[in-house]
Each structure stands twice: as structure tokens, then as C-alpha cells.
Amino acid sequence: MSSMIDTGTSAVRLTAAAITQYLASRRYLHAGKRQVVLLRAAPVWDGAPELTWGPAGCTARVAAAPSPLAAYELVLGHLNAAAPEPDVLVILTDREESALGGDLLAKVYGRRVGVVDSWDVVREAFGATVVDSRLFAENWAAESLLDATPPGRWPQLAGGALSRGHALTSLALRRLGTGPYDPDATPPATGGQTSANGVLDAHTLLRWSLAPGGPERFLALRTAERAGLAGYLAEPGQAGMAGRALLALVDAEHGEDAVAFGLVCGALWLRDAERAAEEQEVYRARGRAERYFGERPPVEGAEFDALARAFGHACEEFVAALLLAARTGPAAQRGEAQRLSSYVLTRAGALVRQFSAESAAGTSPVLEAGLQARFGAVGRALAARSADDIADAVGALDDHCLADDPDAATRIRRARMAQRLVRWLAGTDAPDFDAESATVAQWLGHQVADTGWADRALEYVEAGGDPESALKSAYDALCADVRARRRELDRRFAHALATWTAAGTPPRSLLTVETFLDRVIAPVAKDGTRRVLLLVLDGMSAAIAAELAEELGREWAEYDPLPGLKDAANRRAMAAALPTVTAVSRTSLFAGKLMKGTQREEKALFPGHRFWNGQPARVFHKDDLRATDGGAVFGEELSAALADDRAHVAVVLNIIDDRLANEIKHGDATWRTRDIGALRELLRAAAAQGRAVVITSDHGHVVDRHGVKLPAEDPRSARHRAPGGDLGETEVALHGPRVVSPETDSSIVAVWDNDSRYTAMKAGYHGGVALAEVAIPVLAFLPFRAEPPKGWRELGDTRPAWWSDAPAAERRPPTAGAPVKKAPVRKARAQVELEAAHRSLFDVGDIMPTAPDDDLVTGIIASETFQAQLALLARKPDLAKVEKAVRVLLDAGGTLPVTALAQRIGERPTRADGFAAILRQLLNYDSVQVLQTLPDGRTLRLDKQLLRLQFPVA
């Protein structure tokens with residue numbers, strides 16, 4: 001249907017749009033002068049008696065003249081009328097000019113009967129010179145384009161051809177209200193060369209379907225125009241099959257739910273196509289879904305299946321993009337994206353139930369049901385304890401579009417923690433730890449290197465569980481097994497501790513709270529290059545320390561602060577005093593000797609140590625952190641001490657201990673720096689002042705998840721009592737110089753089992769002799785590339801091998817520091833592990849023997865290729881250091897921090913980056929990345945295989 005509708009005569013019936021466009025295109029037709037326009041048309045007019053046209057808002061009256069006499073009377077009546085009326089009269093006549101007579105024609109505009117060519121009017125409306133011939137086949141489009149003309153005109157092409165795509169896209173944008181021609185938006189400016197710049201792909205139409213009133217606007221169009229636009233939008237160059245399905249749903253009055261329905265289509269047709277014929281449930285659900293298109297779907301049979309697949313795929317992609325925008329898009333768009341995605345997913349869930357498509361929905365990578373099904377798969381894999389199945393099931397969680405939802409992310413992390421616990425129980429990646437013969441020092445090293453990590457994972461799993469029944473059951477069984485193994489380890493450790501304590505053996509190489517200042521802090525103070533900020537996080541366990549160090553590792557470099565040791569660099573642990581309570585262990589730490597005391601003794605004894613060499617040193621407790629001024633971060637005295645360029649500062653932070661006394665963590669068991677008040681502010685101050693930061697504790701703790709109260713006549717804390725009476729199964733008697741209890745003759749009875757206590761229930765406890773209470777982690781940090789104090793060695797990846805989510809064949813050998821049945825041959829090593837975030841993960845501990853690459857390195861240095869690379873350098877490096885650097889990298893498995901490499905070859909840390917650049921120039925022959933810097937910007941990776949290829953050695 002054109003803008004001129006056939007009436008059965010030789011003339012056509014004109015529309016108001018065609019008339020106004022014709023009038024607007026006449027140069028000398030304007031207001032202020034009485035004029036008459038004759039138009040060739042069927043002498044029928046049932047539209048508005050007056051039309052407005054032109055940018056100035058001119059008006060014209062339209063009348064029909066079925067005969068020459070009627071036309072003559074209308075002309076004379078208009079020209080001679082005295083009463084006010086529109087200046088222009090449009091007369092519709094089907095008579096030839098010869099029948100009207102020359103006298104009549106002399107009185108009208110142009111002295112002739114005008115002929116309206118709708119496409120010509122359209123052409124002029126766009127400012128084009130010609131119209132694409134393919135447009136003429138769209139016999140519905142001319143009238144629609146004229147009727148949809150924005151106020152003023154269409155944006156002008158300023159010459160050239162009006163293409164079919166431009167015209168129909170402009171019309172679609174105008175009618176659907178999705179682009180620059182939205183009638184509810186500000187009209188676009190005219191003049192100049194503009195075009196329909198909206199995109200009419202499937203995603204645009206899907207978003208349009210969610211706009212208020214969008215589908216209703218399309219349904220309000222004339223049938224011919226609606227069908228024509230639907231056909232155009234369904235073309236491959238536009239929205240394609242997805243657009244066809246969408247507009248069919250709009251016709252069926254399901255436009256608002258089209259996107260939600262598309263997600264159901266994705267579940268029913270995309271991933272269940274192979275089993276649909278076998279599973280009657282899916283087959284029947286497809287039949288119910290097909291009827292959502294109305295009585296007559298747009299296509300049938302195999303074509304409908306293809307249509308549903310295309311539509312489902314487009315909707316899944318669209319909703320995935322919405323979810324991404326809700327998380328990472330511009331702030332102005334996040335709220336809208338969140339609202340739309342939430343609405344779509346909620347409606348999709350309702351449609352799944354309506355169509356009884358729950359089975360298929362479980363395969364969806366977008367629907368909530370799909371995520372729940374994946375959690376169920378993790379539960380079944382955990383129950384079977386199949387490492388490969390667990391890896392596949394946990395990996396599938398990350399692939400779901402809802403994986404980044406905060407609640408889902410917490411559940412996924414819990415599933416990953418459970419996966420790690422399965423590996424820990426299997427013991428295939430764990431150190432060959434001999435619990436029968438381990439010394440106390442070895443037990444403490446094992447806690448920070450291995451079992452403390454298991455404590456961290458166990459606490460995370462138990463803190464939240466899961467609402468999915470299969471996963472909850474698997475968690476219950478897994479955690480019971482982990483607790484049983486930890487219970488046995490704690491039992492063995494407690495008896496080893498009791499034997500050592502009774503023997504009164506000096507600590508020797510074992511780091512203890514009373515030797516901590518002399519062995520860790522004193523060397524830094526004597527070195528004089530850096531002031532110390534000592535942070536004592538009361539109650540921090542090895543599990544919490546591992547978590548905090550992981551976070552701090554993004555901004556700080558971690559070091560082994562124990563100088564003078566010949567073993568590999570490791571995260572260290574020290575032994576708490578007994579009983580493991582604050583009054584004993586923390587006071588012993590600040591005093592440098594075993595004693596019981598209070599904050600007053602700590603403040604008095606800490607500054608008096610000889611190793612300060614006259615430099616001021618102060619301890620600050622909880623009340624000292626309180627700022628008295630609104631703009632201050634800390635109290636006045638603490639602020640002054642931090643600003644003093646000579647002062648060493650110790651700060652006690654009680655947040656962990658306080659929270660364990662009153663509040664158990666539910667859901668997310670993570671401890672972050674923001675959970676520990678003032679920690680981030682103190683670290684920020686330390687970085688600004690160039691301080692060396694040491695973070696430790698006075699004791700660890702155990703968490704009450706399955707606690708049992710034990711009978712006790714004289715409990716001295718939640719986890720220890722005065723000696724006497726029979727020992728319970730979970731108790732051990734301790735006696736010796738490390739037991740600071742003069743009132744009971746240096747003797748106590750303590751609980752070693754995590755699930756036992758003497759007092760009222762709290763969130764957590766200390767005072768006992770479980771590994772988590774006695775082993776105190778020691779963390780040491782400096783800003784990246786800072787010059788370390790003498791004897792400090794930078795650490796690599798401190799995680800146990802079983803913690804890594806890499807395939808078993810790619811995981812690192814056991815970490816150093818743990819005792820083995822046979823004395824290990826000392827060989828430094830590391831194995832790079834690049835995770836999804838592309839962070840470098842490395843370890844430089846002792847491992848089992850590996851053959852050195854002495855011949856390889858010697859041959860490379862002597863090779864012609866290497867000598868040619870060396871000749872290209874304007875300034876020759878120290879070849880001895882170059883050769884040593886290659887050996888160190890190969891011995892370390894190929895990966896080391898830049899500063900760690902510099903430290904091992906005797907290069908200053910401040911020159912580490914420059915040396916690394918020279919090393920890359922020498923080894924990266926012909927631009928092959930033999931040596932590269934990893935994405936963290938501070939770690940080198942040497943590819944041994946490429947090294948052999950680029951520098952062949954006979």
C-alpha cells in the first residue's frame with residue numbers, strides 16, 4: 001500500500017502526509033497570500049479539514065471537487081472570501097486540465113493541476129536527488145515514511161541516493177523509538193549530511209522490547225507497515241532470525257517477556273537438541289513453548305528449531321552483556337542494567353515453571369536454575385572425591401554468567417575451598433610430613449606452610465555451607481574428614497610440645513615470642529637503614545595471616561626477615577608462650593623474656609632494649625589509636641611517633657581477638673585488611689615513611705563451630721586449667737620453664753582439640769595448645785623494589801602446592817620448610833602458575849633433588865649467538881652476574897621476582913630492573929621471548945625450552 005490509495009478510478013486517494021509533504025516542497029507557496037492548489041486525486045476527503053505544514057506552521061484547508069463546477073465554486077469562494085480562513089486551499093480533483101478550463105487554471109498555483117508522486121515527496125523530504133529503485137517494491141513504505149516524518153524534515157542527505165537501507169532503518173528507528181528519531185525525544189536538527197545511525201541488530205531490538213510501551217508502539221502500526229518492518233528487521237543484515245522471532249512474539253502480545261522467553265528457548269533448544277527426542281519432558285516443554293508464539297508460529301518443523309536456537313542464543317548473549325554492564329559499565333548505566341537483568345531473570349524463572357522446563361533450565365549458562373544445577377554437580381563430584389570431576393564441576397561454575405554475583409561468588413569460592421581440602425586430604429601434593437618424628441620447630445613450620453591453609457579453607461566452607469542439598473551433604477562429609485585429620489595432627493603436636501616443654505630445651509633455631517625481638521627486629525634497628533612498624537594483631541592465626549598476606553602482596557613485597565639462616569626463604573612461625581593467652585604471650589613478646597604482664601609492662605619494657613641504640617621506640621594499644629580531632633587518623637602521640645624519622649613503633653590491634661570473643665563470622669569467613677580497623681591506615685603511613693613492616697601476633701586461635709564444654713574445677717581460660725584430676729581425652733599436661741604460671745608451679749593442663757572448651761560459648765578461643773593457637777605467623781613487608789634491610793630475602797609464592805587450581809601435572813613440588821622422612825637435598829626452585837587474573841605465582845623453597853644445568857649455561861655463554869647478542873650492547877654487563885642469573889633462574893624453575901634475582905646474584909635492588917632489561921636483550925634473540933616480565937610487572941620468567949632452541953648447545 002502506497003501513500004496514494006487506489007479508489008477504483010484513475011485517480012488515487014491522497015493522505016494528509018502526502019499533501020503536507022507536497023505543500024512543504026513548493027518553493028513559492030507560503031502564508032500571507034490567498035492561494036489555491038489543485039491536486040490530482042480521488043475527490044474524496046475524510047481527514048482533518050485543516051492541515052499544518054511547513055516550518056512556519058502554515059495552515060491549509062482541504063476540499064474535494066467531484067466536478068469542474070464544484071472546483072470553480074471552491075476557487076472563487078476561497079479567493080473572494082472575506083471571513084478569516086487558511087490562506088491556502090487544496091482542492092482534490094480527478095478532472096483533466098482541459099475539462100477545468102484555462103480561466104480556472106489561471107487562478108490556481110502553478111496554473112496547473114499538481115500531481116503528487118509519493119516517492120518524489122519522500123526523496124525531497126530526505127534531501128536526496130534519487131531514490132533507490134529497490135524501495136519501489138516496498139509499496140507500504142512511502143506513506144509510512146511521509147506519515148512518520150519528524151517535525152521539520154528527515155535529517156538531510158544533501159544530495160545522493162536515498163538507499164533502501166537508510167530509508168527503512170530511519171523509519172524503524174522512528175516507529176520503534178530506539179534511535180535518533182524517537183518521537184518522544186528531542187527532534188534531531190535538520191540540515192547538513194546526517195544518516196540513520198542507529199543499529200538495528202538483535203541486541204537493539206531486545207533492549208527495545210524491554211522499554212516501557214515499546215511493543216505496544218509496534219502493535220499500533222498499520223498492518224501493512226507492521227508486516228513490512230518485521231520483514232525488513234528479520235533480514236540477515238539486520239536482526240536476522242532473532243529479530244523475526246522477537247517481532248512474532250510481539251505480534252502474539254508477549255513482547256515484554258520476549259527476552260525472558262528467549263532464555264528458556266536457549267535452554268530448550270541450544271543444549272538439549274541431542275536429547276530432546278529421548279527425554280519426553282524436554283520434548284513436551286518445547287511444545288508448550290512453541291505455542292507462546294500464538295496460534296500460528298512464524299515457521300514450523302526444522303525451521304522453527306533453527307529459529308528458536310537463534311533467538312535463544314541472541315537472548316543469552318544480550319542478558320550476559322546486561323549482567324556485565326551491571327557490574328562494570330559506566331555508573332549511569334549500571335542501575336538500569338541491573339534492573340533489566342533482574343526483571344528478565346525473574347520472568348524467565350516463572351516461564352521455566354510455566355512450561356515445566358526445569359530439566360532443560362539446569363543446562364543454561366544464564367538462568368539461575370543453571371547455576372544451581374552446577375552447584376549440584378559440584379556436590380556430587382565432592383561426594384565421589386574424584387579430583388578430575390571436581391575440577392570440571394568447579395570450573396563450570398566460573399563459566400556461568402551469574403558467577404560474579406556477590407552471593408554466587410562467595411558460594412563458588414567456598415566450592416573451590418572444598419576442592420582444595422579434597423586435595424589436602426589426598427596428600428598427593430602435600431609435603432611428606434612425618435608426624436611421628438617431627439620436632440616442635442617442624443610442626444610450627446608445617447602449620448604456616450600447610451595445615452594453616454587447610455584451616456583457612458575449612459573455616460570458609462563451614463562458615464556458610466550451601467543451600468543446595470547435594471552440596472551441603474558433601475560439605476558435611478568433607479569437613480568431618482578434614483576435622484578428623486586435623487584432630488589427629490593436633491593430638492600428635494600437643495604431645496610433642498609437652499615433651500619439649502618438660503625437657504626445658506632452649507629454643508636454639510626455633511623462633512619464639514621471647515626471642516622474636518632479638519632475632520627479627522633488632523637486626524633491622526642495628527642496620528639503621530629503616531625504621532620498623534611492628535603490628536601485633538592479637539589472635540591472628542596462620543590461616544588469617546595467609547589471607548592477609550595474599551591481599552597485601554598486591555601492594556607490598558613480602559620477605560623472610562630472619563637473617564643468618566642457610567635454608568631457603570620461607571614465611572616464618574614462632575612459638576607462643578604457655579599458656580597461649582595475651583597476658584603471657586604478648587607481654588613476653590614485648591619484654592623479650594617469658595613473663596606475665598599487662599599493657600603497662602609492655603609500654604615500659606619495649607623501649608628499654610639495648611638494640612635500639614638510643615633510638616626512640618614505643619608501644620601503642622587500642623586506646624592510643626583514638627583520634628581526638630575530627631580530621632585526625634590516629635591519636636596525637638601515635639601520629640607524632642609515626643612522623644618521627646628516628647622512632648620505631650609497635651601497635652597492638654585487637655580486632656581479631658575482640659571479634660572472636662563476641663561474634664562468629666557467618667557466610668563469608670574471609671578476613672580482609674578492611675576488617676581490621678586502622679590496619680590500612682597504618683600501612684599507608686608506613687609506606688609513605690619508608691618503614692619496614694612486620695606483622696605478627698601473640699597467639700593464634702580456634703573457632704567454635706562444634707564446641708563441647710568440658711568439666712573443670714579450676715579453669716584459667718577457655719582452653720587451659722590448673723593441674724589436677726584425671727586428664728580428659730582432649731587434654732594434655734604441660735610443665736616446664738615455658739609454662740608461665742608461677743601460681744601452679746609452671747604447670748597447666750591445656751586442651752589440644754579444636755572443639756573443646758572450659759567456659760561459656762564464644763565465637764573463638766585461645767589458651768590451648770592446638771597448632772592454630774601455638775604457631776604464630778611472622779609477616780614482613782616492604783614496598784616493591786625497596787632496598788631491604790640486611791639479611792632480608794624476598795619470598796615467592798608461599799602457598800602449598802595443593803592450594804593451586806592448576807592441573808596436578810602443572811602444580812609445584814612440595815613447599816620448603818616442612819620436615820621430610822629423609823633429609824632433603826637443598827635445591828632452590830619455583831614453578832610459575834598463571835591463573836585467570838594472569839598474576840605470577842612462584843615459590844623459592846627447598847625441593848627434592850633436580851639436576852643442575854651447568855653444561856647448558858656454560859655452553860650458552862660460550863655460543864656464537866650469545867656472543868653476537870653481547871656485541872650489540874653499547875655497555876657490556878658483568879658476565880659473571882649474567883651467568884649466575886641464568887643459573888639462578890633455571891634452578892628456580894624459571895620464575896623469580898626481579899628483586900629476588902638481583903639479591904641472589906649480588907646486584908643492588910635499585911638496579912634490578914636495569915639488569916633485567918639487559919638480560920632480556922641478551923637472551924631474547926630474534927625477538928623470541930625467552931625471558932619475559934610477567935603481567936605483575938615485577939616477576940621474570942625464563943622459558944628453558946626456548947632457551948635451548950635459541951642457543952643450541954652441542
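A residue is called buried here when its relative accessible area is under 20%, exposed when over 50% and partly exposed in between, with a 1.4 Å probe and protein chains only. Helices (H or I, at least four residues) and strands (E, at least two) are DSSP runs numbered from the N terminus, and two strands pair if DSSP finds at least two bridges between them.

This is a predicted model, in which local features need pLDDT of at least 70 and side-chain atom pairs count only at pLDDT 80 or more, while totals for chains, interfaces and linings use all residues. Residues are numbered from 1 along each chain as its sequence is written, and side-chain values use heavy atoms, with hydrogens and water left out.

Strand E14, which spans residues 648-653, is mostly covered, since six of its six residues are buried. In a regular strand the side chains alternate between the two faces of the sheet. In E14 both faces are covered: His648, Ala650 and Val652 are buried on one side, and Val649, Val651 and Leu653 are buried on the other. E14 runs parallel to strand E10 (residues 532-537), to which five bridges join it, and Val652 of E14 is the bridge partner of Val536. Strand E13 (residues 617-620) also pairs with E14 in the parallel sense, over four bridges, with Arg618 standing opposite Val649.

**The five-stranded sheet**

Five strands form an open sheet with mixed pairing, in the order E4-E5-E6-E3-E7; its edge strands, E4 (50-53) and E7 (113-114), each pair on one side only. Helix H1 (residues 16-24) packs on this sheet and touches E3, E4, E5 (58-65), E6 and E7, where contact means heavy atoms within 4.5 Å. The direction of H1 makes about 50° with that of E4; axes are lines fitted to C-alpha atoms, for helices over the stretch in contact, and angles run from 0 to 180 degrees between N-to-C directions.

**The three-stranded sheet**

Another open sheet has three strands in the order E25-E27-E26, with antiparallel pairing, and its edge strands are E25 (895-897) and E26 (931-933). Neighbouring strands of this sheet are turned by 20° against each other on average, direction ignored. Helix H34 (residues 912-923) packs on the sheet, touching E26 and E27, and its direction makes about 140° with that of E26.

| Strands | Sense | Bridges |
|---|---|---|
| E3 (residues 35-40) and E6 (residues 88-93) | parallel | six bridges |
| E26 and E27 (residues 939-942) | antiparallel | three bridges |

Within these pairings, Gln35 has Val88 in E6 as its bridge partner, and Gln932 stands opposite Arg941 in E27.
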